[in-house]
Number of protein chains: 2
Amino acid sequence: MDFFEVVAKRHSYRGGFKDLKPKDVDLIEIVEAGLKAPSGKNAQTTEFVIIDDSAIISQIRAMPAANKAIQQAGAYIVCIIDKNPEAIYEGFSFQLEDCAAAVENMLLAVTALGYASVWVDGWLRVEGRADKIAKLIHLPENKKIQIILPIGIPAEIMGVPRKKPFAERAWFNSFKS
Amino acid sequence: MDFFEVVAKRHSYRGGFKDLKPKDVDLIEIVEAGLKAPSGKNAQTTEFVIIDDSAIISQIRAMPAANKAIQQAGAYIVCIIDKNPEAIYEGFSFQLEDCAAAVENMLLAVTALGYASVWVDGWLRVEGRADKIAKLIHLPENKKIQIILPIGIPAEIMGVPRKKPFAERAWFNSFKS
């Protein structure tokens with residue numbers, strides 16, 4: 001699919017999914033797109049776990065769902081960072097940005113391959129959900145799940161939400177000129 | 001260009017640029033791709049300034065350069081966030097992630113349109129460079145430049161740097177299984 005078509009089609013899908021498992025080969029291609037995202041100093045410290053085991057999936061589905069997508073996904077991809085990221089440039093670390101860039105590549109790949117997903121972040125941070133899922137995938141103590149993507153074949157047609165136009169968020173040479 | 005081809009071709013380009021200004025229509029299309037990136041609660045709080053004014057460009061070029069790309073760019077795009085982002089979900093704000101997702105969309109669009117760029121972040125944070133550039137574009141006190149992208153037509157052929165393979169950064173169902 002053409003790049004700009006993928007960008008235009010990608011949207012946060014919170015609806016239900018068809019009862020079909022995403023194919024392993026597609027899940028791998030989605031993660032491969034994430035691996036190709038840039039990272040601070042090309043350190044490539046973010047890591048990924050694809051969850052398609054039905055026992056783990058049922059435990060995630062048993063949590064209070066943020067939306068139908070989280071509840072009905074046939075697979076999840078989690079992006080993992082260090083709890084205390086190493087400084088890699090002048091005292092700064094960039095794992096949060098690295099993780100976000102990788103997730104955006106993955107969301108676009110999800111769209112290009114005919115699946116749908118939604119960036120789930122805040123939901124993980126309450127009621128210890130990130131920690132609970134971390135245990136299910138045997139994450140060591142020094143790592144944390146930053147973002148989870150529920151992935152499936154969309155069962156509903158949801159509109160792409162309205163985005164503010166260029167003139168409200170972007171300018172040439174001078175802010176709000 | 002096909003989406004997966006764009007993802008494979010995108011790389012952090014730090015070489016020199018041809019002495020040609022990126023076209024306005026292309027710069028706008030790049031920013032439009034950034035505007036279409038997801039944002040926490042679809043708040044769309046990140047903002048962008050395209051810098052192509054030669055007086056501002058010379059002042060950026062006069063700073064100690066991180067690389068040839070920063071020194072020779074025919075235009076820059078900056079991504080702007082709030083210094084104190086509002087909490088939009090359970091006390092959390094997501095502007096850093098929103099900015100990173102938008103920048104990744106823009107870097108892919110840069111590639112799709114035949115330009116090159118590099119994500120510049122840490123460089124802005126030292127010697128007050130983000131503040132100095134903020135003044136040049138009349139940014140209010142409550143906003144800051146988080147990321148700057150130097151944009152141009154690459155004058156050198158640089159290889160895509162090696163990325164670690166899937167098996168070193170991703171697994172199914174169990175971390176490092």
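**View 1. Contact between chain A and chain B.** In this predicted model, 59 residues of chain B are in contact with 59 residues of chain A. Several elements of chain B each supply at least two residues of the side that touches chain A. The helices are α1 (3-9), α2 (24-35), α5 (95-112), α6 (122-125) and α8 (166-169). The strands are β1 (47-51) and β4 (170-172). Helix α5(B) gives the most, with nine residues.

**View 2. Residue classes on the side of chain B that touches chain A.** Nonpolar residues number 36 here. Charged residues number 14, and nine are polar.

**View 3. Strand pairing across the two chains.** Strand β4 of chain A, residues 170-172, pairs with β1(B). The sense is parallel, and the pairing runs over three bridges. Within this pairing, A:Phe172 stands opposite B:Ile50 of β1(B).

**View 4. Confidence of the prediction.** Chain A has a mean pLDDT of 96. In chain A, 100% of the residues reach 70 or more. The model scores ipTM 0.97. Its pTM is 0.98.

Technical notes
Residues numbered from 1 in each chain as written. Chains lettered and ligands numbered in written order. Predicted model: local features only at pLDDT ≥ 70, side-chain atom pairs only at ≥ 80, totals over all residues. Contact = placed C-beta atoms within 7 Å. Helix = DSSP H or I, 4+ residues; strand = E, 2+ residues; numbered from the N terminus. Nonpolar A, V, L, I, M, F, W, Y, C, P; charged D, E, K, R; others polar. Pairing = 2+ DSSP bridges. pLDDT = per-residue confidence, 0-100.
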